Amino acid sequence: MLSLLLTATLAAAAPATPPRTIAPRGALDAEELNNIGVFKRVSPSVVHITTLTVQRDFFSLRTSEQPRGTGTGFVWDDSGHIVTNFHVIQDGDRATVTLADQSSYPARLVGAFPDRDLAVLRIEAPGAKLPAIAVGTSRELQVGQKVYAIGNPFGLDQTLTTGIVSALNREIESVTRRTIKGAIQTDAAINPGNSGGPLLDSAGRLIGVNTAIYSPSGASAGIGFAIPVDEVNRIVPRLIRDGRFIRPALGVTSGPANLAQALGAPKGVLLLNVANNSPAAAAGLRPFGRDRSGRIVQGDVITAVDGQTVADLDDMLSLIELRQIGEKVTLTVWRAGQTRKVVATLGSSD
């Protein structure tokens, strides 16, 4: 009875309603066209990095590789060098790089500089598959200018997010607890998996490497940070050449800030030790110490490097790292209430 009723109802029904007419949308606006253009140009240079760890079964003693984590990187040159964050690969035993065409290659570590959270991998892939990312500069960035981030958040390949430069010259902490100065703050959505990916300007040039987010939940909260490209462009060539970043050095050991305060010394790098035959020793620098009766012997406090004030050792190291081994620097030095300038030739931290 029910089937007869349905049949009668369907027979009496009106013809099916046709699909709605599609409304014309008009041309894409200039901003949309630029977004699309940047993504099309740059996404072939962005890669997905998967790290693996080797685990041994307790009973069979067989080993197997287990996924450890994922991150992002980008093609530095057609020789197969891939730049990413150090923290993306630090806990893995092996890494695999997946290119934009979904082909995958085993990667080997070329070099890393944990103090700046940077690492360089290399893959053996055809040069035609390795379009190098265009490199810009971070020196001319302005708060408010448009930026793009391309990465693999939560393992989702080739994701584009947009935003602006929210602030400049931020300080963030590296995996070694060293301060990374000059970081770029952006509100472009950066989530787990974006680490190591490129931050781009509206011309599609690399202006930073996305490295951290500020979020209680671990997801994007509109505050992300990137290592400025001028720093990246200074460090990466040295990692490729030497396998590590060899710092210029003075050959000194410093004391904590509260010690300088207790001794009535100014803010700066209070010297507790000057290595024999070091650049600092050659420049006549002297550490604080005690004489045979236990009285404090006044030593030196470095308060500026080439005219730039330093408040602590981290400040001084950041400035010295911008120089080359063998380069001369002028140090402003305080001792027993007197200030003088000395010239030191930087040596190697090795």
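This is a predicted model: local features need pLDDT of at least 70, side-chain atom pairs count only at pLDDT 80 or more; totals for chains, interfaces and linings use all residues.
Colleague: Where should I start with helix α7? Is it mostly covered or mostly open?

Modeller: Buried means under 20% relative accessible area. Helix α7 spans residues 313-320, and six of its eight residues are buried. They are Asp314, Asp315, Met316, Ser318, Leu319 and Ile320.

Colleague: What covers the buried residues of α7?

Modeller: Several strands take part. Among them are β9 (179-186), β15 (269-274) and β18 (301-305). The cover also includes β13 (248-249), β14 (252-254) and β19 (308-309).

Colleague: Which side chain reaches a backbone nitrogen at the start of α7?

Modeller: Look at Asp312. One of its side-chain oxygens comes within 3.2 Å of the backbone nitrogen of Asp314.

Colleague: Next, Arg323. Where does Arg323 lie, and is it buried or exposed?

Modeller: Arg323 sits in the loop between α7 and β20 (328-335). Arg323 counts as buried because its relative accessibility is 10%.

Colleague: Which residues does Arg323 touch?

Modeller: Leave out residues up to four places away in sequence. Then Arg323 touches Arg238, Pro248, Asp306, Gln308, Val329 and Leu346. With Asp306, the side chains also make a polar contact of 2.8 Å.

Colleague: Now strands. How do I read the neighbours of β7?

Modeller: Follow the bridges. Strand β7 covers residues 146-151 and runs antiparallel to β8, with six bridges between them. Lys146 stands opposite Ile164 in β8. Three bridges join β7 to β10 (residues 198-201), again antiparallel. There, Tyr148 has Leu200 as its bridge partner.

Colleague: How many residues of β7 are buried?

Modeller: Five of the six, so β7 is mostly covered by the under 20% cut-off.

Colleague: Is Glu173 buried or exposed?

Modeller: Glu173 belongs to strand β8 (residues 159-173). Its relative accessible area is 54%, so Glu173 is exposed. The Glu173 side chain makes a polar contact with the side chain of Arg177, at 3.4 Å.

Colleague: How far is Glu173 from Asp117?

Modeller: Check sequence and space separately. The two are 56 residues apart in sequence, and their C-alpha atoms are 9.2 Å apart.

Colleague: Last, the surface. Which residues form a nonpolar patch?

Modeller: Find Leu28, Leu33 and Ile36. Together they have about 240 Å² of accessible area. Leu28 is in the loop between α1 (2-12) and α2 (30-42). Leu28 counts as partly exposed because its relative accessibility is 34%.

Methods:
Residues are numbered from 1 along each chain as its sequence is written. Side-chain values use heavy atoms; hydrogens and water are left out. Patches are made of residues with over 30% relative accessible area and no salt bridge: like charges are joined within 9 Å, nonpolar side chains (Val, Leu, Ile, Met, Phe, Trp, Tyr) within 5 Å. Accessible areas come from the Shrake-Rupley method with a 1.4 Å probe; for residues, only the protein chains shown count as cover. A salt bridge is a side-chain nitrogen of Lys or Arg within 4 Å of a carboxyl oxygen of Asp or Glu. Helices (H or I, at least four residues) and strands (E, at least two) are DSSP runs, numbered from the N terminus. Buried means under 20% relative accessible area, exposed over 50%, partly exposed in between (1.4 Å probe, protein chains only). A polar contact is a pair of N or O atoms within 3.5 Å; within protein, one must be able to donate a hydrogen and the other to accept it, and residues adjacent in sequence count only if both atoms are side-chain atoms. Contact means heavy atoms within 4.5 Å. Two strands pair if DSSP finds at least two bridges between them.
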